[in-house]
Amino acid sequence: MSNIKVSALNLVPIKDGQDEKQAIDNMIDLAQNLDQLGFERYWIAEHHNAPNLVSSATALLIQHTLEHTQNIRVGSGGIMLPNHAPLVVAEQFGTLETMFPNRVDLGLGRAPGTDMMTASALRRDQHNGVFAFPEEVAQLQKYFGPEKQQGYVRAYPAVGKEVPLYVLGSSTDSAHLAARMGLPYVFAGHFAPQQMREAMAIYKELFEPSDVLDKPYMIVCLNAIVAETDEEAKKLATTLAQVAVSIARGRMEPLQPPTDDLASLLTPNELKMAESRAKSSLIGSEATVKAQLENFIDIYGDIDELMAISYVYDQDKQIDSFKRIQKVVSEINNK
């Protein structure tokens, strides 16, 4: 087993009773705490037309986070490439790398991260960006590459910056691409665990060494909520359950506080859906989550990095959860 690193993903959710500014302040507070704890990286997602999230202008949030932290790598989880011209992405992240050397990551997704009407309003071509994803990733590699690789159009100041690229995926398609290009692969197990085992296996088996990596680098993103006891963690996780149901209902509600009576808020089918989501998450005390993560590795194989996303309403308890996640991974690494 490799030495597993620990990272975090943040969608910058608005909590019930708070506003957009408070959500961004919470984002920074969490980043500063994880920076002090020595987390590997802190990624911010891209979502559009979502009234409960403040993660539409991802590059701006990344810059804001870099300005308020010292060591932690900060990046995108991810930039949804169909929404953006690769030239603009390279210019933005080349600028970030110039301002904050060796601290910037560029995670790339092939989906628009929103509904099709909103995707159209983002003013790219007729949704061909999804199919052009492999070519556009290669284009970004060129823009960030050395001077001798450049063509007439250059993404200043990205030239020569070699900003690391990560391929994000929630199905097997991106696993093939990441393996073929020899890039790190990040699987979205927090919302799409169905093809996780197959995608991870494809990536590892088909991986071709590149100038970036000589062997696969596998990151898995999972919902993770760790507390002092199983009971407390399960109660905190009722916020996650309400998030999932809110998305399924198409309501996109602010992050709700935990509840002692989840069954009264959900239909029987919604309750089953929430219970199913919990099975693919890391939820419990440190001992319970340690056993869950070890079981995950037994089933899915070794991972190089755990990227945790933690929908916890209370900011202090969310930070405490991340501290406990780090402790659990440290114990597994030191076995």
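Predicted model: local features only at pLDDT ≥ 70, side-chain atom pairs only at ≥ 80, totals over all residues.
## Helices H2 and H3

Two packed helices are described by the angle between their axes and the distance between the axes. Helix H2 spans residues 58-67, and helix H3 spans residues 86-99. Their axes come within 11 Å and cross at roughly 5 degrees. Angles under 35 degrees count as roughly parallel, so H2 is roughly parallel to H3.

H2 contributes Ala59, Ile62, Gln63 and Leu66 to the contact. H3 meets them with Gln92, Phe93, Leu96 and Met99. By class, this contact has 6 nonpolar, 2 polar and no charged residues.

## Tyr143

Tyr143 sits in helix H5, residues 133-144. Its relative accessible area is 8%. The cut-off for buried is under 20%, so Tyr143 is buried.

Leaving aside residues up to four places away in sequence, Tyr143 touches Pro86, Leu87, Ala90, Gln150, Val153, Ala155, Ala158 and Val159. Arg154 is 11 residues from Tyr143 along the chain, and their C-alpha atoms are separated by 6.4 Å.

Most residues other than glycine have a negative phi, and most peptide bonds are trans. Val12 has a positive phi of about 55 degrees. Val12 lies in the loop between strand E1 and helix H1 and is buried, at 1% relative accessibility. Asn49 also has a positive phi, near 55 degrees. Asn49 is in the loop between strand E2 and H2 and is exposed, with a relative accessible area of 58%.

The peptide bond from Gly77 to Gly78 is cis. Gly78 belongs to strand E3, residues 73-80. The bond from Tyr156 to Pro157 is cis, with omega near 0 degrees. Pro157 lies in the loop between H5 and strand E5.

Key: Residues numbered from 1 in each chain as written. Heavy atoms only, no water. Axes fitted to C-alpha atoms, helices over the stretch in contact; angles between N-to-C directions. Helix = DSSP H or I, 4+ residues; strand = E, 2+ residues; numbered from the N terminus. Parallel < 35°, antiparallel > 145°, perpendicular 65-115°, else oblique. Contact = heavy atoms within 4.5 Å. Nonpolar A, V, L, I, M, F, W, Y, C, P; charged D, E, K, R; others polar. Buried < 20%, exposed > 50% of the residue type's maximum accessible area, 1.4 Å probe, protein only.
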